[in-house]
Amino acid sequence: MSGFILGVAVVLLLLVGALLYRVCVGPTAIDRIVAVNAIGTKTTVLLVLIGLRFDDVGMFVDFALAYGLLNFMGSLAAARYFQRSDKRAHESERHPAPVAPPGKARPGKVGS
Amino acid sequence: MSLLIDVVAAGLMIAGLVFFIGATLGLLRFPDFYTRMHAAGKGDTLSTILILLGVAVYISKEVFFEHHWVVLLVMVKILSIAGFIMVTSPTSTHALMRAGYEDADEPDPQIPNKDQGAECLEDRPDHPPVMEDME
């Protein structure tokens, strides 16, 4: 059973290596964030399996819980950051900054 | 009894691995941002819960046969991780999907959607021909 758990952990590690492809070449930024989120979920499981391997699950479960919390916070923060930056870009498109009309000169330059 | 617990734990872990492999394949090979998100959001949640359930079943042997009652607390912690993942993974998927949707990313045109359904039906060769000139 111990070898089986090690095999499950190795397969999870190979899947993480496959997901790194999506992190590297993902067409959009959100794709990369999704792949990193999936890697974090796999790491949570992997920490519990490492705890089984070391016969100390009670310690590694706490690590896994903390890692899951950090992963959730990180993906939420990244999603909110991209959402806000996109919204700001769209608003600046919709309401462009006021540009002075070309025909009128500024009042400071009238007298000169 | 010990063998039965081992078999149940191994079955849960193998099922979780199958779903993990499916989610990873979907994330790697689907053509569209939305479909990739669909694969990642569902497969990761289910497979994480399955593997953690397998681990909890596996360490329950120490409670049953050696009466280490501390392991019961570890089992509760593992199940709480599973419940936590069950809540947070759809939440983060929802937030990421919303952020990507506001990016105005168009879906892949090769994926058939509802608006193309009528045209696809007319293009099928076994569709009965429309009789317009009958008098």
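Predicted model: local features only at pLDDT ≥ 70, side-chain atom pairs only at ≥ 80, totals over all residues.
**Exercise 1. Describe the fold of each chain and the confidence in it.**

Solution. 
Step 1. Chain A has 3 helices and 0 strands, and its pattern along the sequence is α-α-α.
Step 2. Chain B has 4 helices and 0 strands, and its pattern along the sequence is α-α-α-α.
Step 3. Of the 112 residues of chain A, 30% are buried. In chain B, which has 135 residues, the buried part is 31%.
Step 4. Take the contacts in chain A between residues at least 6 apart in sequence: 49% of them join residues at least 24 apart. For chain B, residues 24 or more positions apart account for 65% of the contacts with a separation of 6 or more.
Step 5. The average pLDDT of chain A is 82, and 74% of its residues score at least 70. Within chain A, confidence is highest in helix 1 (residues 2-25), at 93, and lowest in helix 3 (residues 57-94), at a mean of 81.
Step 6. Chain B also averages a pLDDT of 82, with 76% of the residues at 70 or above. Within chain B, helix 1 has the highest confidence, at 93, and helix 4 (residues 117-123) the lowest, at a mean of 52.
Step 7. For the complex, the predictor gives an ipTM of 0.76 and a pTM of 0.77.

**Exercise 2. How do helix 1 and helix 2 of chain B run relative to each other?**

Solution. 
Step 1. The axes of helix 1 of chain B and helix 2 of chain B come within 8 Å and cross at roughly 165°.
Step 2. Angles over 145 degrees count as roughly antiparallel, so helix 1 of chain B is roughly antiparallel to helix 2 of chain B.
Step 3. The crossing of helix 1 of chain B with helix 2 of chain B is left-handed.
Step 4. By class, the residues in this contact are 19 nonpolar, 8 polar and 3 charged.

**Exercise 3. Which helices of chain B supply at least two residues each of the side that touches chain A?**

Solution. 
Step 1. In the interface, 38 residues of chain B are in contact with 39 residues of chain A.
Step 2. On the chain B side, at least two residues each come from helix 1 (2-29), helix 2 (33-65) and helix 3 (70-101) of chain B.
Step 3. Helix 3 of chain B gives the largest share of that side, 15 residues.
Step 4. By class, the side of chain B that touches chain A has 24 nonpolar, 6 polar and 8 charged residues.

**Exercise 4. At what angle do helix 2 of chain A and helix 2 of chain B pack?**

Solution. 
Step 1. Helix 2 (residues 29-53) of chain A and helix 2 of chain B pack at about 10°, and their axes are 10 Å apart.
Step 2. Angles under 35 degrees count as roughly parallel, so helix 2 of chain A is roughly parallel to helix 2 of chain B.
Step 3. From helix 2 of chain A, the contact includes A:V34, A:A38 and A:V45; from helix 2 of chain B, it includes B:M37, B:A40 and B:I51.
Step 4. By class, the contact has 12 nonpolar, 3 polar and 3 charged residues.

Notes. Residues numbered from 1 in each chain as written. Chains lettered and ligands numbered in written order. Contact = placed C-beta atoms within 7 Å. Nonpolar A, V, L, I, M, F, W, Y, C, P; charged D, E, K, R; others polar. Axes fitted to C-alpha atoms, helices over the stretch in contact; angles between N-to-C directions. Parallel < 35°, antiparallel > 145°, perpendicular 65-115°, else oblique. Left-handed = near helix turned anticlockwise from the far one by under 90°. pLDDT = per-residue confidence, 0-100. Buried ≥ 20, exposed ≤ 12 C-beta atoms within 10 Å, placed from the backbone.
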